Amino acid sequence: MFRYVLTAALALSATPVFANDSIAELGTGGLILSRSDAVAMESEDLYISPEKVTVDYVFRNNTDKDVDAIVAFPMPDIEGDPNEMPAIPDGQSDNFLGLEVTIEGVAAEPQLEQKAFALGIDISADLKAQNVPFYPFGDAARAALAKLPQAVADDWIDRGLIIEDTTDDGSGMKTVYVPFWQLRSTYWWRSTFPANSAVHVAHRYKPSVGGTSSVSFFYDGQFHGQYAAYKTRYCMDGTFENAIRKAAKRNPDGTPRYFENRIAYILTTGGNWATGTIGKFKLTVDKGDPKNLVSFCGENVRKVGPTRFEMTAENFYPEHDIDILLLAPSGDGGSGG
């Protein structure tokens with residue numbers, strides 16, 4: 001079973017978390033190849049922390065002929081809903097995760113494929129016709145929407161492309177048009193895998209780190225709410241739970257002074273290569289500050305340094321995604337444990 005519970009600490013990013021609010025994480029993953037019959041993944045070295053995700057691959061062409069293939073990195077879908085703001089590392093860029101790719105140590109320049117959807121219908125042509133950027137959370141998209149002809153704006157509201165949002169920008173209440181479409185983005189490039197040779201590919205990006213302002217599954221001295229779902233998703237064990245109880249007892253109001261951060265890494269969709277397995281797989285989770293707590297599922301995880309834990313496997317089949325729950329003290333009541 002792909003199951004292990006690690007209770008330790010993980011340094012948290014500066015992702016803002018507001019009182020009584022929750023910010024959703026965006027699940028990210030690795031590279032996908034267009035072929036599966038000739039190119040095998042010889043190894044994958046995956047490093048995950050709240051600050052960065054790095055992945056180093058070795059692909060091998062086991063045939064006697066060169067193979068030309070498309071390599072893609074699907075970005076997480078973004079819903080343009082002002083009431084459900086996800087955690088986005090770069091709020092103004094199409095490359096909102098800051099993706100960087102190298103092939104044999106040389107920087108690559110992937111192409112970006114983008115499409116926009118509203119109610120499941122491709123509305124990319126509509127946005128292009130009005131010179132509206134596809135990325136829904138950038139200032140450029142809102143500025144473009146403010147210039148829409150009234151007839152177009154009314155039509156887009158009826159079709160679910162945009163909504164009206166009334167806010168106070170400091171000079172009084174104003175009603176503006178805001179995106180309500182879904183953005184699907186994929187970075188891709190063509191790559192040649194020489195016959196009977198290995199190719200080293202690496203990419204890195206800043207993960208989307210979701211969070212809440214408190215522990216959402218423990219209150220009134222007991223585990224409630226999302227506890228069952230969290231226990232399954234993050235493999236929380238007795239040691240982890242006891243640390244939460246201990247923190248709650250230190251706080252006069254009986255609640256553990258922690259806030260949540262969450263990272264989701266999509267591992268299961270990347271098996272589009274020969275055999276569908278990874279010859280040598282290594283996962284590293286960087287824990288950071290020992291006052292923080294982390295729980296995630298894995299197998300044969302071991303501590304390899306003051307801040308790092310590793311899982312290694314051979315002929316690894318990516319059967320499950322990786323979900324990491326991070327708890328950081330929000331005050332003295334959560335320290336230790």
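Figure 1. Contact means heavy atoms within 4.5 Å. This is a predicted model, in which local features need pLDDT of at least 70, side-chain atom pairs count only at pLDDT 80 or more, and totals for chains, interfaces and linings use all residues. Residues are numbered from 1 along each chain as its sequence is written, and side-chain values use heavy atoms, with hydrogens and water left out. E260 lies in β19 (residues 258–266). Helices (H or I, at least four residues) and strands (E, at least two) are DSSP runs, numbered from the N terminus. E260 is buried, at 0% relative accessibility. Buried means under 20% relative accessible area, exposed over 50%, partly exposed in between (1.4 Å probe, protein chains only). The side chains of E260 and Y230 form a polar contact of 2.8 Å. A polar contact is a pair of N or O atoms within 3.5 Å; within protein, one must be able to donate a hydrogen and the other to accept it, and residues adjacent in sequence count only if both atoms are side-chain atoms.

**Figure 2. Strand partners of β19.** Two strands pair if DSSP finds at least two bridges between them. β24 (residues 322–329) runs antiparallel to β19, with 8 bridges. Here A328 of β24 is the bridge partner of F259. β16 (residues 210–212) also pairs with β19 in the antiparallel sense, over 3 bridges. T212 stands opposite E260. β2 (residues 28–29) runs parallel to β19 and is joined to it by 2 bridges. G29 has I266 of β19 as its bridge partner. Of the 9 residues of β19, 7 are buried, so the strand is largely enclosed by the rest of the structure.

Figure 3. α3 spans residues 150–159, and its V152, A153 and W156 are buried. These residues lie on the same side of α3 because they cover an arc of only 100° around the axis. The arc is that of the directions from the helix axis to the C-beta atoms. An α-helix has 3.6 residues a turn, so residues three or four places apart point the same way. The buried residues of α3 pack against α1 (124–129), α2 (139–145), β12 (162–168) and β13 (173–179). Exposed A151 and D158 sit on the face turned away from the buried side. G160 follows the helix with a positive phi, near 85°.

**Figure 4. The disulfide of C235 and C297.** A search of the whole structure finds 1 disulfide. It joins C235 to C297, with S to S at 1.9 Å. A disulfide is a pair of cysteine sulfur atoms within 2.5 Å. The pair links distant parts of the chain, 62 residues apart. C235 is in the loop between α4 (227–234) and α5 (238–250), and C297 in the loop between β21 (293–296) and β22 (302–303). The link of C235 and C297 is right-handed, with 100° about the S-S bond. C235 is buried at 1% relative accessibility. C297 is also buried, at 11%.

**Figure 5. Setting of the close-ups in the whole chain.** The protein chain has 5 helices and 24 strands. Of its 337 residues, 47% count as buried. Among contacts between residues at least 6 apart in sequence, 79% join residues at least 24 apart. The accessible surface comes to about 16000 Å², and carbon and sulfur atoms hold 48% of it. Accessible areas come from the Shrake-Rupley method with a 1.4 Å probe; for residues, only the protein chains shown count as cover.
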